Amino acid sequence: MKNKITFVECPRDAMQGWATQIPTKTKVAYIQQLLGVGFDVLDCVSFVSPKAIPQMADSGEVLQQLDLTDSPTKLLAIVANIRGAETACSFDALSYLGYPFSISETFQQQNTNRSITESWKNLQQIQELALKADKSLVVYLSMGFGNPYGDPFDADVISTWAEKMQAIGVGIISLADTVGVATPESVRRITSDTIRNFPGLEVGVHLHSTVAGLSDKLNAAIEAGCLRFDGSMKGVGGCPMAQNALVGNMDTEQMLHILTEHSFDLRINAEALARASAMAAQIFNETPHAIQA
């Protein structure tokens with residue numbers, strides 16, 4: 001019997017830092033195609049400041065134009081504050097809110113212009129909003145494998161915050177390698193420890209990597225017992241708020257190949273995947289400029 005996993009495809013992460021504006025109709029067509037592939041979740045839109053991330057300013061329009069009739073895929077929206085969470089909660093199409101919570105003080109300030117303490121207060125309020133709207137909150141522990149800023153980091157930092165998340169009813173956390181600093185060893189150790197220490201939590205990984213590092217990092221997460229993975233078609237994307245050139249996401253097609261080799265039950269429509277791959281190649285047919293925050 002094959003093991004089931006949760007695969008999260010992230011077109012939002014691919015698009016958010018793209019140097020040229022992608023038309024709304026193109027976003028809708030692309031996400032609609034991804035809905036036919038069979039992914040468990042699509043991280044497809046965000047409700048954040050349009051000044052900070054102008055690419056995602058049309059997220060509401062995109063959601064309103066999607067046809068969800070024949071797709072079992074659930075939708076996730078990233079939010080960064082109370083206002084964004086309230087907007088996201090008004091859309092019945094969304095099953096999940098995703099909140100980026102950095103355990104690096106420097107990056108929390110860069111990403112959301114607030115401290116970790118302020119972000120924690122925000123998170124608690126967003127969790128209450130999500131529960132009232134019958135949506136699940138996914139917390140992304142940004143810089144979850146270390147950071148390039150010299151901010152304090154060790155296994156205890158992860159455990160402390162995971163325990164706090166669980167205490168307020170958060171059921172899913174994703175360890176996010178925001179700028180690609182993770183090594184296979186750190187992925188294996190931190191993911192394994194978190195899964196073992198918090199059996200009531202669904203623990204995922206949102207890894208960023210060069211093509212060369214993808215296989216080793218993914219295999220490390222699999223060896224750690226992870227059953228929730230984020231990817232992006234063609235490996236496009238990265239965080240435009242990290243003040244460095246974008247580090248690519250994990251390439252979905254490569255990930256699916258490796259996960260298949262490990263006998264996971266992926267439930268993927270190969271023909272729909274091929275069409276989505278062709279669309280991704282067309283949309284992201286230019287090399288984005290190195291984006292600085």
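Ile53 lies in the loop between β3 (41–47) and α3 (59–65); here helices (H or I, at least four residues) and strands (E, at least two) are DSSP runs, numbered from the N terminus. The model is a predicted one, in which local features need pLDDT of at least 70 and side-chain atom pairs count only at pLDDT 80 or more, while totals for chains, interfaces and linings use all residues. Residues are numbered from 1 along each chain as its sequence is written, and side-chain values use heavy atoms, with hydrogens and water left out.

Is Ile53 buried or exposed? Ile53 counts as buried because its relative accessibility is 9%, where buried means under 20% relative accessible area, exposed over 50% and partly exposed in between (1.4 Å probe, protein chains only). From C-alpha to C-alpha, Ile53 is 16 Å in space from Gln108, and the two are 55 residues apart in sequence.

His206 belongs to strand β8 (residues 202–206). With a relative accessibility of 6%, His206 also counts as buried. Its side chain makes polar contacts with the side chains of Asp13 (2.8 Å) and His208 (3.1 Å). A polar contact is a pair of N or O atoms within 3.5 Å; within protein, one must be able to donate a hydrogen and the other to accept it, and residues adjacent in sequence count only if both atoms are side-chain atoms. Leaving aside residues up to four places away in sequence, His206 touches residues including Cys10, Tyr140, Asp177 and Asn249, contact meaning heavy atoms within 4.5 Å.

Turning to the helices, α2 (residues 24–35) and α11 (residues 270–283) have axes that come within 9 Å and cross at roughly 155 degrees. Axes are lines fitted to C-alpha atoms, for helices over the stretch in contact, and angles run from 0 to 180 degrees between N-to-C directions. The α2 helix is therefore roughly antiparallel to α11 (angles under 35 degrees count as roughly parallel, over 145 as roughly antiparallel, 65 to 115 as roughly perpendicular and the rest as oblique). Among the residues making this contact are Ala29 and Tyr30 of α2 and Ala276 and Met279 of α11.

The second pair is α6 (residues 116–132) and α7 (residues 155–167), which pack at about 25 degrees with axes 11 Å apart, so α6 is roughly parallel to α7. Ile116, Trp120 and Leu123 of α6 meet Trp161, Lys164 and Met165 of α7.
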